[in-house]
Amino acid sequence: SNDEHPQAISSHAERLEGLVTLAAELREKESLAELEALLDEGGDPLELLECFIKGMRLVGEYFEQGRYYISGLIVAGEIVRLATEILEPHLASLEVESKHDGKVLLGTIQGDIHDLGKNLFAILLKCHRFEVIDLGVDVPPNVFLEQARLHKPDIIGISCILTNSITNLRLTIELLKTELGENVPSVLIGGTCLDAHVSELVGADHWGMDAVDGLRICQKLMGPAKNEL
C-alpha cells in the first residue's frame with residue numbers, strides 16, 4: 001500500500017543515512033540492494049551517489065583510525081564502482097536539464113596512483129555535458145602541460161591523495177602558470193589530503209572536497225556567461 005505517512009519524509013532521510021552506514025560498514029550486497037530500492041522509489045540519483053561518497057569518507061576516517069585495513073579500502077572502492085554503475089544511466093538522464101558545457105583535463109598527480117575519486121568526478125562531469133580528457137594516474141607535470149597545450153581545456157582537475165605528492169602538485173601548477181601565462185585554465189584540485197590551506201600553498205585556483213563539490217565548482221566556472229556565447 002502506498003499510504004502517505006507523516007513520517008514518510010523523515011523515513012526517507014533516515015534511509016539515506018542508513019545507506020551511508022551500509023556503505024561505510026562495507027555491506028556490499030545490502031547497500032546495493034537498498035540503492036536499487038531507493039532508485040525504484042524515485043530517489044534522486046545525485047543524492048544517492050552522495051550517500052556513497054559520504055560512506056567512503058567514513059571508510060577513509062576508519063582507515064586512518066586503524067579500524068580498517070587496506071583490504072577495507074579495496075572493498076569500499078569496489079562498492080562505489082558497482083554503485084556508480086547502477087547510477088550511471090540515471091545520472092546520464094540528468095544531463096538534459098543541465099546546460100553546462102566545458103572541457104576538463106583530468107589526472108592524478110605524479111607519485112600517486114589513486115583513481116577512485118577522479119573516476120567518480122569524471123563520470124559526474126560527463127553526465128553534466130562536460131567533455132573530459134582523463135590522463136589517468138601518476139601524471140608528471142610536463143604531461144599536464146603538453147596535454148593542456150594540445151586540448152586547451154577550460155579547467156584542469158588534479159587529484160592528489162598522498163601528502164608526499166603535494167610537492168609535485170605545486171610544481172605542476174607552477175609550470176602550468178609559468179608556461180601558459182594568462183591562457184592558463186582554472187586549476188581545480190581535489191583529494192583527501194587537501195584543504196584550503198594546502199590549496200593556497202600550491203597555488204590552485206579552487207579545491208573540491210569531493211566529486212560532487214568539484215562538479216559544482218566546474219558548473220560555476222562555466223557559468224551563465226559561457227552559455228550565452
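How many of the 229 residues of the protein chain count as buried, as a percentage? The figure is 46%, where buried means under 20% relative accessible area, exposed over 50% and partly exposed in between, with a 1.4 Å probe and protein chains only. Here are my notes for you.

1. Ground rules. This is a predicted model, in which local features need pLDDT of at least 70 and side-chain atom pairs count only at pLDDT 80 or more, while totals for chains, interfaces and linings use all residues. Residues are numbered from 1 along each chain as its sequence is written, and side-chain values use heavy atoms, with hydrogens and water left out.

2. Overall make-up. The protein chain has ten helices and five strands; these are DSSP runs numbered from the N terminus, helices being H or I with at least four residues and strands E with at least two. Among contacts between residues at least 6 apart in sequence, 73% join residues at least 24 apart, a contact being heavy atoms within 4.5 Å.

3. Strand β1. Do have a look at β1 (102-108): six of its seven residues are buried, so the strand is largely enclosed by the rest of the structure. β1 runs parallel to strand β2 (residues 130-134), joined to it by five bridges, and V104 stands opposite V132 in β2. Two strands pair if DSSP finds at least two bridges between them. β1 also runs parallel to β3, again with five bridges, and there G107 has I158 as its bridge partner.

4. From β3 to β4. Strand β3 (residues 155-159) pairs in the parallel sense with β4 over five bridges. I156 is found opposite V187 in β4. Strand β4 (residues 186-190) is mostly covered, with four of its five residues buried.

5. Helix α6. In α6 (residues 141-151), the buried residues are P141, F144, L145, Q147 and A148. Their cover includes β1, β3 and α7 (166-180).

6. α6 against α7. These two helices pack at an angle of about 35°, with their axes 9 Å apart. Axes are lines fitted to C-alpha atoms, for helices over the stretch in contact, and angles run from 0 to 180 degrees between N-to-C directions. The crossing is right-handed, that is, the near helix is turned clockwise from the far one by less than a right angle, anticlockwise being left-handed. P141, N142, F144, L145, A148 and R149 of α6 meet N168, T172, L175, L176, E179 and L180 of α7. By class, this contact of α6 with α7 has seven nonpolar, three polar and two charged residues (Ala, Val, Leu, Ile, Met, Phe, Trp, Tyr, Cys and Pro count as nonpolar, Asp, Glu, Lys and Arg as charged, and the others, Gly among them, as polar).

7. α2 against α4. Helix α2 (residues 28-40) and helix α4 (residues 70-92) pack at an angle of about 15°, with their axes 10 Å apart. That makes α2 roughly parallel to α4 (under 35 degrees; over 145 would be roughly antiparallel, 65 to 115 roughly perpendicular and the rest oblique). Their crossing is right-handed. α2 contributes E28, S31, L32, L35, E36 and L39 to the contact, and α4 contributes E78, I79, L82, A83, I86, L87 and H90. By class, the contact of α2 with α4 has eight nonpolar, two polar and three charged residues.

8. Not counting residues up to four places away in sequence, S31 touches L19, L22, A23, F52 and I79.
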